[in-house]
Amino acid sequence: MITLSKRQKRILIILLIAVVLFFLIQKLAESEPTTVSFGNIYYVDSADSEHLLVTMLDIGQGDAFLLECNGKLAMVDCGPPEALETILSYFDVHGIKKIDYFFGTHPHDDHLGSLSELIDNIEIETIVIPEVTVNVSPWYTDLTEKLADEDYYVEIASVGNRYFLGDTVIEIIGPLSEPSEDLNDYSIVMKVSFGEMDLLMTGDATTSVEKELLNANINLEAKILKVGHHGSKTSTSAKFLKAVNPDYALISCKVGNRYKHPTKEVMDRLFENNVTVYRTDECGTVHLIITKTDVTFCVEEGDYLSGPELEEKLNG
Ligand SMILES: [Zn+2]
Ligand SMILES: [Zn+2]
């Protein structure tokens, strides 16, 4: 029998502990994100460099998205004034105290209506908005005046500008020319890239902006598409959808909205192109856990029903 000196025993114990620790760490690193217990703890733990977390908040009729990677946070739109409570309670639950970048796509109430009050409640480092001088409502003029008066850092959206959340790159790719009178066409168009994964966000941009992007031969391909204008038929043309060629679509709208979003035309088009749909009117808040090669959704996928059809199904 081998007898070990005290020193040798100590070394052996340390070695054993090191081996056990090594395998434990390996195991932890391999473990897949659990989608079942998605919530506060998971969300915070995953805001690392290996995941881009996208949240499409269920704020009713409008858009409000959160992008989080490597401890940095970006928000794209913040819904109408009524959305403020939902957003703030979400921030509260998830321990969000600061937003690094806020992108306000265009001056419509369902995208920027709650910004004036949001900035009173949370620190925002950089605010990116389009330059709009025509057709703006008094509330938007008040908002821009407040931003200027209170010395916020505001940047005018410019094509080619890039923003970084760790390895996530947010690039502004449109609009390419001076938009028409339609405020929707001022929408900042963004491509969010993380490894091989892309998310295209077009605000409420209409088919005329889509056409311009197609004509400019920009690479629009993206695994995930934030469907333009809540699924209105004024966006998501057949050609545009073909060029983006998404596997997944995100639609933010409210059950029974008066605009009848999303429209039958767009839902049929998504169905025909085999695009899996996630929509807040049916799925509620939608979380996406994106790795550099894949995406996991934390809710069941939605239906291809138009807004009025979904409303009828839910009421019937
Ligand atoms: Zn709009
Ligand atoms: Zn809108």
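A residue is called buried if 20 or more other C-beta atoms lie within 10 Å of its own, exposed if 12 or fewer, and partly exposed in between, with C-beta atoms placed from the backbone. By that rule, 42% of the 316 residues of this chain are buried. This is a predicted model, in which local features need pLDDT of at least 70 and side-chain atom pairs count only at pLDDT 80 or more, while totals for chains, interfaces and linings use all residues. Residues are numbered from 1 along each chain as its sequence is written, and chains are lettered from A and ligands numbered from 1 in the order in which they are written.

**The sheet**
- The chain has 11 helices and 15 strands, which are DSSP runs (helices H or I, at least four residues; strands E, at least two) numbered from the N terminus.
- Seven strands form an open sheet of mixed pairing in the order β7-β8-β9-β10-β11-β12-β13, where pairing takes at least two DSSP bridges between two strands.
- β7 (162–165) and β13 (276–279) are the edge strands, each with a single partner, so one side of each has no neighbour in the sheet.
- β7 pairs with β8 (168–174) in the antiparallel sense over four bridges.

- Most residues other than glycine have a negative phi, and most peptide bonds are trans.
- Glycine 174 and proline 175 are joined by a cis peptide bond, with omega about 0°; proline 175 sits in the loop between β8 and β9 (189–194).
- Histidine 229 has a positive phi near 50° and counts as buried because it has 27 C-beta neighbours inside 10 Å.
- Asparagine 274 also has a positive phi, about 60°, but counts as exposed because it has 8 such neighbours inside 10 Å.
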